[in-house]
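Hi everyone, thanks for making time for this. Let me put the sequence and the structure up on the screen, and then I'll walk you through a few spots.

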Amino acid sequence: YDVEYKMAPRICVTLPGGKKFKPYKAFAHIRNEHRETIWWKMLRRPESMDEVEPDLERLQMRLTVLRGYDMAEVLAGQHKDKHGVVAVYVDTCCTSRKVWQRIFPGVWVGLD
């Protein structure tokens, strides 16, 4: 999980009437072990996990289903997946560790 601050502030939205504003402060993305982007999002509050938490929960469901679990079991929380996400490297490991470990049980969270 990485958050980048250079690209997002360059995005400008023009409203009807010509008023312009910059809605995003950062760009977050997750890459897999092959360095392929598997999730990304433009963020308005980059320091808060609240904005990305629902997306991470959906990513966990998607990854679980891709490993062969039944979607109904995943949605009901009845799967016992022990071969999912193993490690996450983040810039804010101390403040976000509990969120990562709640969404991805057993994951190791380290400093990027």
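This is a predicted model: local features need pLDDT of at least 70, side-chain atom pairs count only at pLDDT 80 or more; totals for chains, interfaces and linings use all residues.

Let's begin with helix H3, which covers residues 93-103. Which of its residues are buried? They are Cys93, Ser96, Val99, Trp100 and Ile103. These residues sit on the same side of H3, because they cover an arc of only 130° around the axis. As a bit of background, an α-helix has 3.6 residues a turn, so residues three or four places apart point the same way.

Now for the charges. In general, side chains of opposite charge can pair when their charged atoms come close. Here the count comes to four salt bridges.

Take Arg102 and Glu53: they form a salt bridge, with the closest N and O atoms 2.1 Å apart. Arg102 is in helix H3 and Glu53 in helix H1, so this pair ties together parts that lie 49 residues apart in sequence. Arg102 itself is partly exposed, at 46% relative accessible area. Glu53 has 17% relative accessibility, so Glu53 counts as buried, the cut-off being under 20%.

Arg102 also forms a salt bridge with Glu57, and there the closest N and O atoms are 3.1 Å apart. That pair again links distant parts of the chain, Glu57 in H1 and Arg102 in H3, 45 residues apart. Glu57 is partly exposed, with a relative accessible area of 32%.

Within H1 we find Arg58 and Asp55, three residues apart, or about one turn of the helix. Their salt bridge has its closest N and O atoms 2.6 Å apart. Arg58 is partly exposed at 49%, while Asp55, at 13%, counts as buried. Salt bridges with shared partners join Lys41, Asp55 and Arg58 into one network.

Last stop: Glu51, in the loop between strand E5 (37-43) and helix H1 (53-66). Is Glu51 buried or exposed? Glu51 is buried, yet has no salt bridge. The nearest side chain of opposite charge is Arg45, 4.2 Å away, and a salt bridge has to be within 4 Å. Leaving aside residues up to four places away in sequence, Glu51 touches Lys41, Met42, Leu43, Arg44 and Arg45.

Conventions. Residues are numbered from 1 along each chain as its sequence is written. Side-chain values use heavy atoms; hydrogens and water are left out. Helices (H or I, at least four residues) and strands (E, at least two) are DSSP runs, numbered from the N terminus. Buried means under 20% relative accessible area, exposed over 50%, partly exposed in between (1.4 Å probe, protein chains only). Lys and Arg count as positive and Asp and Glu as negative; His and the chain ends are not counted. Contact means heavy atoms within 4.5 Å. The arc is that of the directions from the helix axis to the C-beta atoms.
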